[in-house]
Amino acid sequence: MKTSGKVALGGVFGSLAVICLLGTVFPYATFALPAVAGLLLVPVAMETGRRWGWLAFAAVAVLNVLLTPSMEAKILFVAFLGYYPLLKLSLDPLPPLLAWPLKFLLFNATVVAAYWLMLLLFGLEDNSFELFGVNMPLLLLALANVTFLLYDLCLSRLWEWYMLAVHPRLARIFRI
């Protein structure tokens, strides 16, 4: 593919990602649309190479920080949901016994860093998150890991669908 085609593909999918992030003005879309925006960057990486995918992510991340109305959506996209689908492309070819621990290590490191940053910024105490003697952050971390596992499996299925249904059409349009 020519450089102009790569730029066009990155621009189209990048602008779709930014439009998704602008939709986070609606509170119910705060978590879903950053994930969709991250998914929209995968075709750029699959069709033009990972470097172009990362460049598209960088452009969308900058526009996200400048334009997105929801602070939570900004942080979710930049901290994990924007780059993880691109990183998954590099982790999936690894043997599963190596890939899965790396994926969970990355996810848990991101969640724990966000938790500690929240404690530092807001001056909260660790015990302020206990409910009826149950440490809620640990419970929520366990639930988040289950959700992450489902998210990762869904990404894999979406990429299979993409390669079967969408890739052939894009290949005809861009003469890949």
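Ser90 is partly exposed, with a relative accessible area of 34%. On the terms: buried means under 20% relative accessible area, exposed means over 50%, and partly exposed lies in between, with a 1.4 Å probe and protein chains only. Before going on, this is a predicted model, in which local features need pLDDT of at least 70 and side-chain atom pairs count only at pLDDT 80 or more, while totals for chains, interfaces and linings use all residues. Residues are numbered from 1 along each chain as its sequence is written, and side-chain values use heavy atoms, with hydrogens and water left out.

Ser90 sits in helix H6, residues 84–91. Helices (H or I, at least four residues) and strands (E, at least two) are DSSP runs, numbered from the N terminus.

Now the chain overall. There are 8 helices and 2 strands, and from the N terminus the order is α-α-α-α-α-α-α-β-β-α. The C-alpha atoms fill a box of roughly 60 × 40 × 25 Å along the principal axes. Of the 176 residues, 36% are buried. Taking contacts (heavy atoms within 4.5 Å) between residues at least 6 apart in sequence, 67% join residues at least 24 apart.

Next, helix H5, residues 71–81. Which of its residues are buried? They are Ala73, Lys74, Phe77, Phe80 and Leu81. The cover over the buried residues of H5 includes helices H1 (3–22), H2 (32–39), H4 (50–67), H6, H7 (96–122) and H8 (136–174).

Two of those helices, H1 and H4, also pack on each other. Two packed helices are described by the angle between their axes and the distance between the axes. For H1 and H4, the axes come within 9 Å and cross at roughly 35°. Axes here are lines fitted to C-alpha atoms, for helices over the stretch in contact, and angles run from 0 to 180 degrees between N-to-C directions. On the H1 side, the contact involves Thr3, Lys6, Val7, Gly14, Ala17, Val18, Leu21 and Leu22, and on the H4 side Trp52, Val60, Leu63, Asn64 and Leu67. The residues of this contact divide into 9 nonpolar, 3 polar and 1 charged. In that count, Ala, Val, Leu, Ile, Met, Phe, Trp, Tyr, Cys and Pro are nonpolar, Asp, Glu, Lys and Arg are charged, and the others, Gly among them, are polar.

Val36 is partly exposed, at 33% relative accessible area.

Leaving aside neighbours within four places in sequence, Asp152 touches Tyr84, Lys88, Trp100 and Lys103.

The other residue is Leu141, also in H8. With neighbours within four places left aside, Leu141 is in contact with Asn108 and Val111.
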